[in-house]
Amino acid sequence: MRRASWFNITSLTLGFAFLYLPMILLVIYSFNSSKLVTVWAGFSTKWYGELLQNEAFLNAAMVTLKVAVASSTLATVLGTMAAYILVRGGRFAGRTLFSGMIYAPLVMPEVITGLSLLLLFIGIGLDRGTLTIVLAHTTFSMCYVSVVVSSRLVTFDRSLEEAALDLGCSPFDAFRLVTLPIIAPAVISGWLLAFTLSLDDLVIASFTTGPSSTTLPIKIWSAVRLGVSPEINALSTIMIGIVTFGVITASLVSKRKAIRAQRDVQAAERAAV
Amino acid sequence: MRRFFLIAVPYAWLLALFFIPFIIVFKISLSDLALSIPPYSPTAKDGIWAMFAAFDLENFTFLASDDLYWKAYLSSLKIALISTVLAVLVGYPMAYGMARAPEEWRPTLMMLVILPFWTSFLIRVYAWVGILSNEGLLNQFLLWLGIIDTPLTIMNTTTAVYIGIVYTYLPFMILPIYAALDRLDESLIEAAEDLGCSRLKAFWLVTIPLSRNGIIAGCFLVFIPALGEFVIPSLLGGSGTLMIGKVLFEEFFNNRDWPVASAVAVILLLILIVPIVLFQRNQQRQAEVEA
C-alpha cells in the first residue's frame, strides 16, 4: 500500500542532493591540481602530500585526538554515574538542581559555555592548555552521555538487578555483572557521541585553550577564514572518509548481529515445535 | 556511604564546572570594567568580594544605549526564525517521503539523514564557501546555463546564513517529523478519503495536525541553537551580518571588554529561556500523550 509516489521520490532526491552535494563537491575539488579552488585544472593528489608535510596540522590532529579520548572517557564515567543517579537514585537533596545541570548544557549556546568556563579558569588561576579543554569538553559531553544512558536505563527491567541483590551480590557487583552489560550499548554510543562532540568542537575549545595546544578545528578555522584552500579540502576529505567508513562498518556489524539474532530465534522456535 | 560517593562526584563536577562559572558570568556582567579587564588581577580569594562591592547595572544600561546590541538581538531572532521556517519547508517533504518509502529502504534513509551529524560541523559550513562565492560553483553553473549574465552576490549576505543554518540543522528538523509521521495510523487518511476528502485536503486536515508535535519539536531544535550561532554567520555572513553569538565572540576576543561580553551572554540566556521552557513543556505533554 505504501507506494513511492513521484512527489516523494522528487522531494527525497532533491533533499539528499542538498545534504550531500556540498560535501561531494568538496571531495572532488580536493583532487584539483589548481590552487584556485573553483577552477578545475586536472586530477592531482598533491594537496594530500602537502597536508601530510604540514606539521602544524599533524600536531593539532594529535592534540585533538588526545583531548577527545581523555574527555570522552571521563565524560562516559561521569555521565553514566549521573544517569544511574537520575534513574535509580531516588530522592536526594538538590535533585532538581542536579537534573537541571544535566539538561541545561544541551541547550546552552556554546559561546556562553565557553565564556563562563574561561572566566572560571582565569578566576582560579589555572593555566589554559590541554587540561582546560579536557575539563571543558568533559563537562558538556557528560550531559549528552547521561541522556543517552538514562534512556536505556529507564527501559530495562529493574527486577533483574533486584534478583542479583537477592542472590547475594553486593550493589557494586550487581551493577558490574547485571546492569553494565545490559546498558553497555548505550554506554558505548555515549562514548562515541562524546568523542565526536569533542573532535568537532570549535567554539568552546577556542575559549578554553592556550597557545600551546591548538586543536584541529581551531587550526581549520584560522585557515578557512582566509578563504577556500585546497589543503583544507584534502583534510576535510580525509575526515569525511574516516566517518563514512566508520558509520558504514558499524551499521554492517549491527545488521549482521540482527540477522544472527533473528536466525537464533527462528532456530529456537523450530526446536520448540 | 557508597551512594553518597556516587552522587557526590558528578554533582561536584557539575557544580564546579557548570554552575559556578555561570554565576561568575552573571557577576562579571554586573561589575565595572576596571575590575575585570585583563590581566584580570582579582582572583578567587579577594576578587569575588571586590566585584560584589562594585555591583551595578552599568553594563546593561550600556547595552541598552548602544543600538548595535539591540540590532544584533533582533537580527538573530529574525534569522533564527526565518531559517526555522525554511527548514520546515525543506524538511517536511523529506520526512514525508521517508515515512512513505518502502519499509526496507527506511533504515538506509535514516542513516543518510544521520550521517552528516557525524561529520564535522565546521567542514559542512565551509563546504558552502566554495559554492556560494562570486566565482563559486553555483554562479559558474548558473552562468553556464545562461540563467544569469552577472554573478549573484550570495556569499557574505544573510541569504548565505539562511542556507548555512538550514543545511547544518536540517537533520534536527527531519528526524522528529519523521518519527511523528512514521507512527501515524494510515487508516485515518483512508477514512478521510472515503468520506470525500481530496488527497490534498486529507493531507492538510489529517496528516499535518497529527504530525504537529514533530514539527514543533523540530522547530525548537533548529531555532534554539540557531539563535546563538557563531560559526555560520562568521564564515558565510561576512562582516555585514549581525548575530548575537558573533557579537559576543568578537566583543570578548577583539574588544576584550569582559563585563559587556558577560552582559550580552546573560541577556541571550534570558531570551533563550522562553523557547526552552516552551520546548520542555511540549516534550512533557508529548510524553503524557504517549503514556
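Q: Which side chain does E161(A) meet in a salt bridge?
A: Side chains of opposite charge can pair when their charged atoms come close. In this predicted model, E161(A) meets R88(A) in a salt bridge at 3.0 Å, N to O (a side-chain nitrogen of Lys or Arg within 4 Å of a carboxyl oxygen of Asp or Glu). E161(A) sits in helix α7 of chain A and R88(A) in helix α3 of chain A, so the pair ties together parts 73 residues apart in sequence. Helices are DSSP runs of H or I with at least four residues, strands are runs of E with at least two, and both are numbered from the N terminus. Over all chains, the count comes to four salt bridges.

Q: How many salt bridges cross the interface of chain B and chain A?
A: The rule finds zero there, but nine residue pairs are in polar contact across the interface, both residues at pLDDT 80 or more. A polar contact is a pair of N or O atoms within 3.5 Å; within protein, one must be able to donate a hydrogen and the other to accept it, and residues adjacent in sequence count only through side-chain atoms on both sides. Helix α1 (residues 2–29) of chain B gives the largest share of the side that touches chain A, 21 residues. That side of chain B divides into 62 nonpolar, 11 polar and nine charged residues (Ala, Val, Leu, Ile, Met, Phe, Trp, Tyr, Cys and Pro are nonpolar; Asp, Glu, Lys and Arg charged; the others, Gly among them, polar).

Q: How much area do chain B and chain A bury between them?
A: The size of an interface is often given as the accessible area lost when the parts come together. Here the two chains bury about 7500 Å², 81% of it on carbon and sulfur atoms, with a 1.4 Å probe and the loss summed over both parts. W13(B), W118(B) and Y126(B) supply 10% of the area that chain B buries against chain A, more than any other three residues.

Q: Which residues is V243(A) in contact with, leaving aside its neighbours within four places in sequence?
A: They are L115(B), W118(B) and T119(B), where contact means heavy atoms within 4.5 Å. V243(A) belongs to helix α11 (residues 230–272) of chain A.

Conventions
Residues numbered from 1 in each chain as written. Chains lettered and ligands numbered in written order. Predicted model: local features only at pLDDT ≥ 70, side-chain atom pairs only at ≥ 80, totals over all residues. Heavy atoms only, no water.
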